[in-house]
Amino acid sequence: MTFLVTVATGAVGAYCRYLVSGAIQSRSHSDFPLGTLSANLGGALLIGLVAGASDLQSTSTLAAVGFLGGFTTYSTWMIETIRLGMPYLRVRAVINLMVTLILGIGLTVAGYSLTT
Amino acid sequence: MPPRPSTQPPNPDPGHPRLHGLDDLVAVVAGGLVGSAARAGIGFFLPTPIGAFPTGILIINLTGSFLLGLYLVRREQAVMARWSVPFWAFGVLGSFTTFSAFSLDVTRLLADGHALIAAGYIGASTVGGLTAAGLGQRIGLVVR
């Protein structure tokens, strides 16, 4: 049951990320990966809110965590950071790395403390 | 687009997606099922005990970063189906790896007073993730 909920909600999360990050990226008129950044920061805030509010065993919490697991992504963040860093854009790579890291963890901490 | 020399970095964005295609929906959701199932499977065998180093998520994120680097380089060297990027990059590997679990594990470690483990986890995830993704790209360029 846990497995099925995680898999199904994760797939929905993946498609939502595809839509959201694509919509933001295509409107940004820049090659800075704002789409992935937005999905990861949004997901980071929501996972903090969810985890602070509830015990992680209930099905609804499981669904939310599964959805956010699929909605956020680590691999795309890493690849986009590397590609910003080559060959002349190293400052932007560091910005993408640090903004996601600091704001992302900050938002999760903030959401977690708000609802705990 | 003219073919790039193999030493040049590929585009930062793994394909600007079209937003309304049914084929995209099927490809991303199918890939998302595979990626989420793999993540849930690894999470089942390597759960993170409270206050412990999140080994399972670290392995997931590093492996996924490596594979995405490998895939995106291979994609630029071969003709692939239109569903390939939505399926592999956005679906399978996008949903296999996760930022929310990473961020939540760091938050829990910090909340429980394990700042040193949290710092080690952040370091291993970022340095390891960048190294793994770069290694994937290198291997994708070298291996035929």
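H1(B) passes H2(B) in a right-handed crossing, meaning that the near helix is turned clockwise from the far one by less than a right angle. The model is predicted: local features need pLDDT of at least 70, side-chain atom pairs count only at pLDDT 80 or more, and totals for chains, interfaces and linings use all residues. Residues are numbered from 1 along each chain as its sequence is written, and chains are lettered from A in the order in which they are written.

Helix H1 spans residues 22–45 and helix H2 residues 55–77; their axes lie 9 Å apart at an angle of about 150 degrees. H1(B) and H2(B) are therefore roughly antiparallel, the term for angles over 145 degrees. H1(B) contributes B:Arg39, B:Ile42 and B:Gly43 to the contact, and H2(B) contributes B:Gly56, B:Ile59 and B:Ile60. Contact here requires C-beta atoms, placed from the backbone, within 7 Å. By class, these residues divide into 3 nonpolar, 2 polar and 1 charged, with Gly counted as polar and Arg as charged.

Now turn to chain A. Chain A has 5 helices and 0 strands. Its C-alpha atoms fill a box of roughly 50 × 30 × 20 Å along the principal axes. Of its 116 residues, 53% are buried (20 or more other C-beta atoms within 10 Å of the residue's own).

One helix pair stands for the packing. In chain A, the axes of H2 (residues 34–53) and H5 (residues 90–115) come within 6 Å and cross at roughly 25 degrees. That makes H2(A) roughly parallel to H5(A), the term for angles under 35 degrees. Their contact has 16 nonpolar, 9 polar and no charged residues. H2(A) also passes H5(A) in a right-handed crossing.

Notes
Axes fitted to C-alpha atoms, helices over the stretch in contact; angles between N-to-C directions. Helix = DSSP H or I, 4+ residues; strand = E, 2+ residues; numbered from the N terminus. Parallel < 35°, antiparallel > 145°, perpendicular 65-115°, else oblique. Contact = placed C-beta atoms within 7 Å. Buried ≥ 20, exposed ≤ 12 C-beta atoms within 10 Å, placed from the backbone.
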